Amino acid sequence: MRKLLSRFRYHILIFFAVIGPGFITAVVDNDSGGIYTYSAAGAKYGYLPLWTLLPITFVLIIAQEMCSRMGAVTGKGLSDLIREEFGLRITFLMMALLVLVNLTNVMAEFAGVASSLELFHVSRYVSVPLSAVAVWFLVVKGNYRSVEKIFLFSCVLYVTYIISGFLVKPDWKEAAIYSVKPVMLLDAGYIYMLIGMVGTTIAPWMQFYLQSAVVEKGVTAKEYAASRIEVVVGCIMTNVIAFFIIVACAGAIYRVAPKDIQDAKEAALALKPFGQYAFLLFSAGLFNASIFAACILPLSTAYSVCEGLGFEAGVNRSLREAPIFYFLYTALIVAGAGVVLIPDFPLVRMILLSQVLNGVLLPLVLIFMVILINKSDLMGEWVNSRWFNLATWATVIVMIGLTLAQVGIAVRGTP
Amino acid sequence: MAENLLFFTELLGMPVLDLKGRRIGRVKDAALVPLLDSSRIDRFLVTGGLTWLTIRYDQIRSISLEKGLSLSDEVLTPYHDDEYMMRIGRDLLDQQIIDVTGRKVVRVNDVTMEVRTDGARDSLIVLEVDVGLRSILRRLLQGALPPRWIRRLQRRIPPNSIRWEFANVIEPDPLRRLRLNISYEKLEGIHPADLADIVEELSPAEREAIFETIDSEVAADTLSEVESPKMQASILEALEPEKAADIVEEMAPDEAADILSELETETSEGILEEMDSEPKTEVRELLEFEEDSAGGLMNTEFVSLHENASVNDAMAALKGNEDLLDGLNTLFLIDSEERLIAAIPLARLFPAAGEAKLRSLAAETLIQARVDQPQDRIFALFDKYNLLTLPVVDEDGKLAGVITADDVISLLRQK
């Protein structure tokens, strides 16, 4: 009995030892862009789009699971593996795309910081520089373990969306029905919105970040079972939050008068009639999500690039030892925050461009992932099983199709 | 001199000409056979129609950037994979190696070779492994621009290379390591703290390979410098119990106990079984204590003498404990029941006469801790009394071990 207890204790310990990467990556998926997408879906179509969350969760789990498995088994980051198996040129191309895509993402995050704090009457000329400096210092001066704790705490703050969802008092019965009942409308706007929802689900940087974080955490193949649980729980939680965002906007905006909203700020304002708290929580959630992603994106980009191209990386290195790492990290923050302060900067155009680049990069990343995870000299007994491969390829093809559709629409203009 | 250099990227794709100057194929890869010669390229792999052909080094007449490889013997054999061959393109390019002089892990971008002419024929000697921007540029542009242009372009960028003798290839497979004549002896000269930093950057399999082959004493010092307890545990876990036991025996008992307590009971028992009886009992005793109590922090490496002993006795005792001298700064006096009586700062022995009683040299107040006292209390004692070494006693007042400042510092840093 005692032995059994000690075994049990050991497994619990393992679970807490691996917790972090999967959760954080999945939750950051709901960044300012994600929140906008879900808010817009709820505002215009009410509960109808809820059914997509189930397949989205599935797709997210498939992709995340592969990366955390590769990290645990090989002990190497995704950009390391791509470099070792596909060579320098391809890695360089991918890293160049990754930097561009992530730069526009960082811009979007700082724009989210600006607009969420403007809801609290803080000027963006104050909030954005301050947040940029804070983000820079947090990561450079803190050590990874304490930073990870702050990130996990940030994940908990997403609960604000769940509460504001309740405060709006939506129609739960309808929400429940449409969560499992697929509805297709032959309406260009609706289809575009669905594509947008799925398209924002998997971002290339997430795969790089997750795998590096799993490696950094020192998760081994033996502990991988616990890590897998974490990934699955994280993905489910992320979509639960998405559910509440859609439901809140459906209850607050769609029920009153369905409309197109331009940004997440508008969604927050629409919550005002449902009480100060609903509004405050939604706005605070937006700020949290934006600044959280603004911390992780530049860091993860600088890491991936340096890993892949073989430069020294890591915040535990000095500026002298890892100049390129610090240069990239700082440049991403400065440029990302800087453009938000430029009046009339074509931010929307930049974000559209980022979607196009994303559409080029994501298929590459996903295909490389599937190829890598099927290499038995890398993965040994941990290669994909045949059924898993089938599901993976299906996911990859669907994701590529949807992303390309999104690119097509982005290039031709929203219908 | 500089004219005789050839980069591996330039060799790739170089035309191969037969005796009559007709092109028979292009170079695809080049290989060393380290058991024969550690730096001379032994074979060139060439495409000839559908199959790959092997050219031995003594079948080549001349090698030049303009003209390519000219043969002196046309009887070529088809290529077959040979386990004694280290292929530059496949096994070295884009992989990680250890830079022994720079004490870090680097990624290979290119390889610099020298064309050495000895009368009748040219051979290629591997000189350096290239890392850094210059070689990245070369890799990216190769094939897009003529080699001469690239050489001119790269001149502005300072080279960043590692001499081949100081580049240590990492190979997890022990059999292959033998066949490729790879050893980690060079690593044993690196300071354990630096070696730990290197090891932390590698994947678990590579880490294991290094610990498996280096000298147990170096391995023990390195293992105790590895920062994360989790990684320490997984390194030990991956090793054969005999090797793990050899390493643990070389460690300070308190550190050994700390690491073993991180392992699953079965694994740590397996390692303890393999250990010699004396260190085994010490470690086992330490394992009984709670990790964050004085008992868990202490080690049993101290020198104690009877309360009536003289300075001469102390000198004799020190001569008998030479392996402890490096870290020793305090002696302890015990009575015939082994109870702690006094602590003597080591430096007080020097001015004292040989016959003087140690009692008379004792520190004025005796600061001590009990085995069950919590960690925080211990830190407070160290801070308040500026201690270097704190004696720990059991329930009966018997001296059980000592806690040293270096253990306290590393624990505080982890917080």
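Phe7(B) lies opposite Thr112(B), a residue of strand S12(B). The structure described here is a predicted model. The strand S1 of chain B, residues 5–7, is joined to S12(B), residues 110–118, by three bridges, and the two strands run antiparallel. On to strand S13 of chain B, residues 121–130, S12(B) pairs through nine bridges, again in the antiparallel sense. Within this pairing Val111(B) stands opposite Val129(B) of S13(B), and Glu114(B) has Ile125(B) of S13(B) as its bridge partner. S12(B) and S13(B) form a hairpin in which two residues lie between the strands. In the turn, Gly119(B) has a positive phi of about 65°.

These strands belong to an open sheet of four strands in chain B, with the order S1-S12-S13-S14 and antiparallel pairing. The edges are formed by S1 and by strand S14 (161–163) of chain B, each of which pairs on one side only. On average, and with direction ignored, neighbouring strands of the sheet are turned by 40° against each other. In a regular strand, side chains alternate between the two faces of the sheet.

A further open sheet in chain B has three strands in the order S19-S20-S21, with mixed pairing. Strand S19 (369–370) and strand S21 (399–404) of chain B stand at its edges; each has a single partner strand, so one side of each is left without a neighbour in the sheet. S19(B) runs parallel to strand S20 of chain B, residues 389–393, and two bridges join them. Arg370(B) has Val393(B) in S20(B) as its bridge partner. Helix H16 of chain B, residues 375–385, packs on this sheet and touches S19, S20 and S21 of chain B. The direction of H16(B) makes about 140° with that of S20(B).

Elsewhere in chain B, helix H6 (residues 192–201) contains the buried residues Leu195(B), Asp197(B), Ile198(B) and Val199(B).

Two helix pairs were examined in chain A. Helix H2 of chain A (residues 21–28) packs against helix H12 of chain A (residues 204–217) at an angle of about 160°, and their axes are 9 Å apart. Because of this angle, H2(A) and H12(A) are roughly antiparallel to each other. The crossing of H2(A) past H12(A) is right-handed. On the side of H2(A), the contact involves Pro21(A), Gly22(A), Ile24(A) and Thr25(A), which meet Met206(A), Tyr209(A), Leu210(A), Ala213(A), Val214(A) and Lys217(A) of H12(A). By class, seven residues of this contact are nonpolar, two are polar and one is charged.

In the second pair, helix H7 of chain A (residues 124–141) and helix H15 of chain A (residues 276–309) have axes 10 Å apart and pack at an angle of about 55°. H7(A) and H15(A) are therefore oblique to each other. H7(A) also passes H15(A) in a right-handed crossing. The residues Ser131(A), Val135(A), Leu138(A) and Val139(A) of H7(A) meet Ile291(A), Ala294(A), Cys295(A) and Leu299(A) of H15(A). Seven nonpolar residues and one polar residue make up the contact of H7(A) with H15(A), which has no charged residues.

Between the chains, 17 residues of chain B are in contact with 16 residues of chain A. On the side of chain B that touches chain A, at least two residues each are supplied by S11, helix H3 (133–141) and helix H9 (229–238) of chain B. By class, this side of chain B has six nonpolar, six polar and five charged residues.

Apart from its neighbours within four places in sequence, Arg83(A) is in contact with Leu88(A), Thr91(A) and Gly308(A), and with Asp94(B) and Arg107(B). Arg83(A) is buried because 25 other C-beta atoms lie within 10 Å, the cut-off being 20 or more. In sequence Arg83(A) and Leu309(A) are 226 residues apart, while their C-alpha atoms are 7.6 Å apart in space.

How values were computed: Residues are numbered from 1 along each chain as its sequence is written. Chains are lettered from A and ligands numbered from 1 in the order in which they are written. This is a predicted model: local features need pLDDT of at least 70, side-chain atom pairs count only at pLDDT 80 or more; totals for chains, interfaces and linings use all residues. A residue is buried if 20 or more other C-beta atoms lie within 10 Å of its own, exposed if 12 or fewer, and partly exposed in between; C-beta atoms are placed from the backbone. Axes are lines fitted to C-alpha atoms, for helices over the stretch in contact, and angles run from 0 to 180 degrees between N-to-C directions. Angles under 35 degrees count as roughly parallel, over 145 as roughly antiparallel, 65 to 115 as roughly perpendicular and the rest as oblique. A crossing is left-handed if the near helix is turned anticlockwise from the far one by less than a right angle, and right-handed if clockwise. Two residues are in contact if their C-beta atoms, placed from the backbone, lie within 7 Å. Ala, Val, Leu, Ile, Met, Phe, Trp, Tyr, Cys and Pro count as nonpolar, Asp, Glu, Lys and Arg as charged, and the others, Gly among them, as polar. Two strands pair if DSSP finds at least two bridges between them.
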